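Biologist: Walk me through this model, please. I want to know what stands behind each label.

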Amino acid sequence: MPQIPDNVRGARFIGWGTSLGHTTVTNDDLSKTMDTNDEWIRERTGIHRRHIGGSTAEMSIASGRAAIEMAGIDPLTIDALVLATTTPDRTVPATSATVQHALGLRCGAFDVNAACSGFVYAMITAHGLIAMGSQRILVIGTDSLSRIVDWTDRNTAILFADGSGAAVLERTTGHGQMLGWDLDADGSAEEILYSEVGGFVHMDGKEVFRRAVRIMVDSAQKSMAAAGVTADQLNVVVPHQANIRIITSACDKLGVPMEKVAVVVHETGNTSSASIPLALFGDFGQVRAKDGDLVLMVGFGAGMTAASAVVRWNAQ
Ligand code: UT7
């Protein structure tokens, strides 16, 4: 378990933004084209509606621009763009190249694909770049999953949607916000959630569910141990927004009451790389971090990846 050195160059969030697919699709809309219904979807997933439409670059540009504006900085002062996505617009080049140009950045840009753990992977990578001398990094998590969903498959079409969340990280004096982190993957579970190039998502939902709770709890506990904090000290928990039952089960096992948990899945569906920033920064979250709060972010996804981080919120 990596320990952050005491003399590390730390970072903090100075701006953020979000974006959603432009078309709202309700559960009733889906029930017109497949054998499902609003009551089943709400009960089994917690999802009421989702937003689809828009490319990964379009949504990333919108959320990234909002984050830069909130930070009040010149885009030319950003040293790197890290875009977490599992649905790039093209195989080559990386979608981050399109976004870098559109936002007027002059810096390195690359994509990270860690499925639904992607934003936390990207955020931890950005802290590493700042530890090595970068001043400002733009981190974006975006997915346009509606393009890889088979809209006749009720197993997946009810869950997945489109969205984006972005944050500007700036070097700060001292240790900064990151207290502990964990990254994990288990490629032996590849077949339970995958999409071939140009194909649709295939998912063994029950098996993903079973593993998801275990790996979220495991990763969260590793991050908390690295940070030297216990679950009762956490003020806000921001889990991957896949299914409300996965969220409640994992938080119950961690000993975190639901009033501390940011939930937007009812409004957004599962937006993969965008889900954690949408819950942390978006308009639909029930919990907001305040300066001084201890915040746990924890994701899981295809791969099967897991990622978590404990940060001391210090955005002012
Ligand atoms: O980012 C990670 C991405 N993936 C996930 O997080 C997925 C994790 N898994 C899940 O969220 C859940 O497994 C699902 C929501 C996908 C499915 O929920 P479930 O409680 O595991 O349902 P089930 O597959 O056990 O199906 C229960 C019943 C079955 O009927 P019978 O056999 O009991 O009569 C299904 O045929 O519900 C039926 N069913 C549906 N009914 C209406 C399955 N899907 C639907 C549906 N609408 N969409």
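Modeller: Start with contact, which means heavy atoms within 4.5 Å. By that rule, 47 residues of domain 1 are in contact with 42 residues of domain 2. The model is predicted: local features need pLDDT of at least 70, side-chain atom pairs count only at pLDDT 80 or more, and totals for chains, interfaces and linings use all residues. Residues are numbered from 1 along each chain as its sequence is written, and side-chain values use heavy atoms, with hydrogens and water left out.

Biologist: What makes domain 1 and domain 2 domains?

Modeller: Their bounds come from an automatic or database domain assignment. That assignment gives domain 1 as 11-171 and domain 2 as 178-312. Their C-alpha centres lie 15 Å apart.

Biologist: Why is Asn270 called buried?

Modeller: Buried means under 20% relative accessible area, exposed over 50%, and partly exposed in between (1.4 Å probe, protein chains only). Asn270 has a relative accessible area of 5%, so Asn270 is buried. Asn270 lies in the loop between α9 (265-268) and α10 (275-281). Helices (H or I, at least four residues) and strands (E, at least two) are DSSP runs, numbered from the N terminus.

Biologist: What does Asn270 touch?

Modeller: Not counting residues up to four places away in sequence, Asn270 touches Ile47, Cys116, Leu145, Leu159, Phe160, Ala161, His240, Gln241 and Ala242. Take Leu159: Asn270 and Leu159 are 111 residues apart in sequence, and 5.6 Å apart in space, C-alpha to C-alpha.

Biologist: How do you know that the buried residues of α4 line one face of the helix?

Modeller: In α4 (residues 95-102), the buried residues are Thr95, Ser96, Val99 and Gln100. Seen down the axis of α4, they fall within an arc of 135°, so they line one face. The arc is that of the directions from the helix axis to the C-beta atoms. These buried residues pack against α3 (56-71), β4 (80-84), β5 (108-112) and β6 (136-144).

Biologist: What makes a pocket a pocket?

Modeller: On a 1 Å grid over the protein atoms alone, a cavity is a set of points where a 1.4 Å probe fits but cannot get out. A pocket is an open set with protein on both sides within 12 Å along at least five of seven lines. Lining residues have an atom within 4 Å of a point. The largest pocket holds about 860 Å³ of space. Grid points are joined across faces, edges and corners, and a volume is the space filled by probe spheres set on the points.

Biologist: Why do you say that the largest pocket lies between the domains?

Modeller: Domain 1 and domain 2 both give residues to its lining, so the largest pocket lies between them. The lining has 32 residues, of which Thr86, Thr87, Asn113, Ile148 and Ser195 lie nearest the centre. The largest share, three residues, comes from β9.

Biologist: Where does the second largest pocket lie?

Modeller: Both domains give residues to the lining of the second largest pocket, so it too lies between them. Its volume is about 570 Å³. It is lined by 26 residues, with Asn155, Leu159, Met203, Gly205 and Asn243 nearest its centre. The largest share, four residues, comes from α7.

Biologist: What is marked about the phi of Ala115?

Modeller: Phi of Ala115 is near 50°, a positive value in a residue other than glycine. Ala115 has 5% relative accessibility, so Ala115 counts as buried. Ser272 is not a glycine either, and has a positive phi of about 55°.

Biologist: Which residues does a cis peptide bond with omega of about 0° join?

Modeller: That bond joins Val92 and Pro93. Pro93 is in the loop between β4 and α4.
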